[in-house]
Amino acid sequence: MWLNPVSSCFPNLKPYSYSSATPPPPPPTTVKALMAMKTTEESDVGIFCYISQLPGFRGILKQRYSDFMVNEVDTEGNVVHLTNLEAPPEVVKENGAKTQDSASKDYSAEIEKFRSLAGGEDVERLEGLISQINSGSEDGVMPIVLSPDYDKAHRTAVHNFFKENLKFLVTDAVDGPDASSKCIRVRLNSGGQNGRGRNSKKRKERGDKPFDSRGTDDWSEHVAKFLRFHLYKENKDTQEALGIIGKMLGIQPRAFGFAGTKDKRAVSSQRVTVFKQFASRLAALNDRLIGIKVGDFCYVKEGLSLGQLLGNRFTITLRGVVADSEDTIQASANALGKQGFVNYFGLQRFGSGSVPTHLIGASLLRGEWKSTVSMMLEPREGERDVITEARKCYKETNDIDGTLRKLPRHLVAERAILQCLKKCPGNYSQALKAIPRTLRMMYVHSYQSYLWNHAASMRVQKYGTDRVVVGDLVYCKGNETEKVTGIVSSECVDENDNDENCDDTFDPSHLDDISQTNIPEARVNLVKAVTAEDIDNGKYTIDDIVLPLPGSRVIFPENDIAAVFHDLAKKDAISLTESVHNVKEFSITSVTGSYRRVFQRPMDFEWELLKYIDGNIPLVETDFEKIAKTKPVNVHKEDPTSVNGDGSLHDSIKQSECSANDIELQKRDVEGEDKGEKLPQVESLGGTNPQGTQIALKLSFTLPSSCYATMAIRELLKTSTSVAFHKTLN
């Protein structure tokens with residue numbers, strides 16, 4: 001059942017022990033000590049146990065990003081697929097007013113003048129915009145957004161240039177990639193030559209609503225105000241994909257609504273909404289989008305928000321499978337389908353860097369503001385050279401402006417801290433509050449998850465996986481709501497954070513295998529402690545057992561497992577009942593808390609074995625490939641020579657033609673017959689035996705909100721799910 005014998009499972013649960021003495025506060029975590037740490041392993045965050053005692057086998061997770069497919073499951077239980085790229089007939093039409101000043105002519109003199117104000121990329125953008133307008137396709141002209149500009153005087157000069165030289169275009173400022181920058185957006189003046197078009201109103205005339213989040217004004221009262229569409233993406237995270245679409249449409253990413261964030265290294269389909277945008281405008285983008293497609297358009301009354309989903313449907317292909325026989329694979333797969341897995345928070349929850357996010361969360365909960373800032377800004381092992389150079393720049397020179405120029409924009413937390421320290425030197429508490437709330441609260445959530453994982457391991461180790469014991473917490477059934485001693489709480493939902501996804505992780509590129517978590521209010525349940533009478537009545541099963549994520553409004557199990565939470569927190573000099581500082585959002589006592597099921601069974605579980613020769617051929621059709629089979633579409637192929645970080649080639653977006661000899665399907669379900677066929681022993685994938693037949697295991701299953709698919713794979717393979725481990729298998 002465990003990676004280690006039972007006798008060694010307890011010692012591995014470090015730093016947990018049952019000591020009742022209050023330990024002395026630990027010294028602030030030194031950056032030097034953190035830098036010496038290796039990449040976070042499962043045992044570091046309390047992941048120890050398995051349900052099945054069957055042996056595992058070799059298999060490579062995510063050798064190609066197309067081996068990991070995620071399809072959202074909406075609140076009605078429908079699996080979201082991309083099936084149609086065409087826009088429906090529009091009930092309303094965009095204004096067809098065209099400007100006379102933009103009649104086809106030569107603007108080379110104006111462009112040369114603009115070149116003195118802007119860089120080469122911005123000049124090319126302007127040339128492309130004018131060329132599109134001159135072609136007579138004004139109805140579909142998309143705004144352009146110029147490069148980030150930190151100089152207000154320079155931005156003013158750019159605005160004036162367009163007012164004086166290109167009056168058929170209008171400009172406004174939109175937020176840049178960080179707090180100190182703005183970007184100038186340039187768009188066609190749809191109101192004529194006077195520069196007073198429908199979208200060129202001064203900000204005070206538009207009210208508080210920014211132009212780019214309110215959509216078009218030409219909207220019929222008889223049409224729902226939100227356009228909903230299915231977003232299909234390959235090897236891009238959700239924010240990146242929506243940022244690209246938003247830039248093409250001239251709207252900010254915040255204009256979009258979605259139910260859950262999907263990972264970068266995957267192929268995924270999900271629902272997205274946008275306010276008052278025409279389907280024809282989005283459909284027109286498909287020819288220009290690379291690795292992204294939009295379709296299945298419809299107009300709805302309400303926009304999507306985080307948590308409005310039941311879960312995700314996963315299609316995962318494990319390549320390079322090596323096992324003693326098919327018996328081993330079949331037994332393990334059937335056991336996963338029937339018994340499920342321990343519902344741990346996966347490694348993604350704790351970040352991918354050398355400084356685990358739960359350690360940052362613990363430092364915040366202790367109120368060690370300066371130490372926390374140092375932990376987040378100091379150089380780390382394993383980062384790209386450009387990031388290391390930026391961190392060293394700050395450490396050695398304390399030059400905030402210079403560091404910001406070097407620091408990549410995706411390091412949102414670090415940039416927010418530095419921006420605040422620039423304005424308020426030495427105010428480390430305020431600097432931490434400058435981190436976007438979704439992100440800064442994730443550090444606290446990570447520490448809650450760290451405690452939960454350890455408690456779940458102790459529950460499995462001490463009481464097993466086949467019975468409910470007195471004191472276990474369960475969701476109430478039937479008429480028990482009047483007898484409950486607990487409180488009302490949704491699974492993994494924090495009332496102080498109900499507009500955010502409590503299963504978001506800290507690296508946007510590691511979100512794919514999480515079924516997102518904000519559960520609708522209608523699914524709120526009551527929690528109680530199991531009594532001896534309940535056990536005698538056989539009312540509850542292991543599927544009903546939950547454990548709390550600590551907070552002010554949860555109860556703890558009424559058995560030995562409760563001590564795990566408190567003792568482990570004491571080891572970190574953290575109290576779960578009182579706060580040592582007055583910053584509420586960084587205090588466990590100010591966080592509501594929530595509950596999470598300890599055991600989870602995959603739903604609609606299926607598996608099949610695939611035999612293949614060429615490791616570069618996709619083994620499962622994507623939604624887009626299915627569309628491409630029935631109707632030719634314009635396809636942009638990514639550079640086949642470009643290589644992902646793990647050394648595998650990019651998947652191109654194209655239909656694969658695989659012969660029957662390349663892929664041989666052997667379908668099985670959970671009740672599949674045991675044929676005992678011996679599998680070939682593959683020493684390496686595409687290495688010493690490139691022409692040999694390889695074995696892949698395709699898994700399809702649905703998980704409800706808050707579950708990690710990698711934890712299901714861990715139960716199957718009995719190996720680590722860390723990226724580093726699976727890279728060694730390549």
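When I speak of the angle between two helices, I mean the angle between their N-to-C directions, running from 0 to 180 degrees, with each axis being a line fitted to C-alpha atoms over the stretch in contact. Please keep in mind throughout that this is a predicted model.

With that in hand, let us begin with helix 10, residues 326-339, and helix 21, residues 709-717, which pack at an angle of about 140° with their axes 9 Å apart. Angles over 145 degrees would count as roughly antiparallel and those from 65 to 115 as roughly perpendicular, and therefore helix 10 and helix 21 are described as oblique to each other. Their crossing is right-handed. If you look at where the two helices touch, you will find Ser-332, Ala-333 and Leu-336 of helix 10 meeting Ala-712, Glu-715 and Leu-716 of helix 21.

Now to the aromatic rings. A pair of such rings is described by the distance of the centres and the angle of the planes. How many aromatic pairs does the count come to? The count gives 16 aromatic pairs, and I will take you through two of them.

In one of these, the ring centres of Phe-229 and Phe-256 are 6.5 Å apart and the planes stand at 80°, so this pair is edge-to-face. It joins distant parts of the chain, since Phe-229 belongs to strand 6, residues 226-234, while Phe-256 belongs to strand 7, residues 256-258, and the two are 27 residues apart. Are Phe-229 and Phe-256 buried or exposed? Both of them are buried.

Tyr-232 and Phe-624 are both buried.

Elsewhere, Phe-68, Phe-314, Phe-605 and Phe-701 form one aromatic cluster.

Finally, let me turn to Tyr-475, which is found in strand 12, residues 473-475. Its relative accessible area is 5%, and because buried means under 20%, Tyr-475 is counted as buried. The C-alpha atoms of Tyr-475 and Arg-597 are separated by 9.2 Å, although these residues are 122 residues apart along the chain.

Key. Residues numbered from 1 in each chain as written. Predicted model: local features only at pLDDT ≥ 70, side-chain atom pairs only at ≥ 80, totals over all residues. Heavy atoms only, no water. Phe/Tyr/Trp six-rings, centres within 6.5 Å; stacked < 30°, edge-to-face > 60°. Helix = DSSP H or I, 4+ residues; strand = E, 2+ residues; numbered from the N terminus. Buried < 20%, exposed > 50% of the residue type's maximum accessible area, 1.4 Å probe, protein only. Parallel < 35°, antiparallel > 145°, perpendicular 65-115°, else oblique. Left-handed = near helix turned anticlockwise from the far one by under 90°. Contact = heavy atoms within 4.5 Å.
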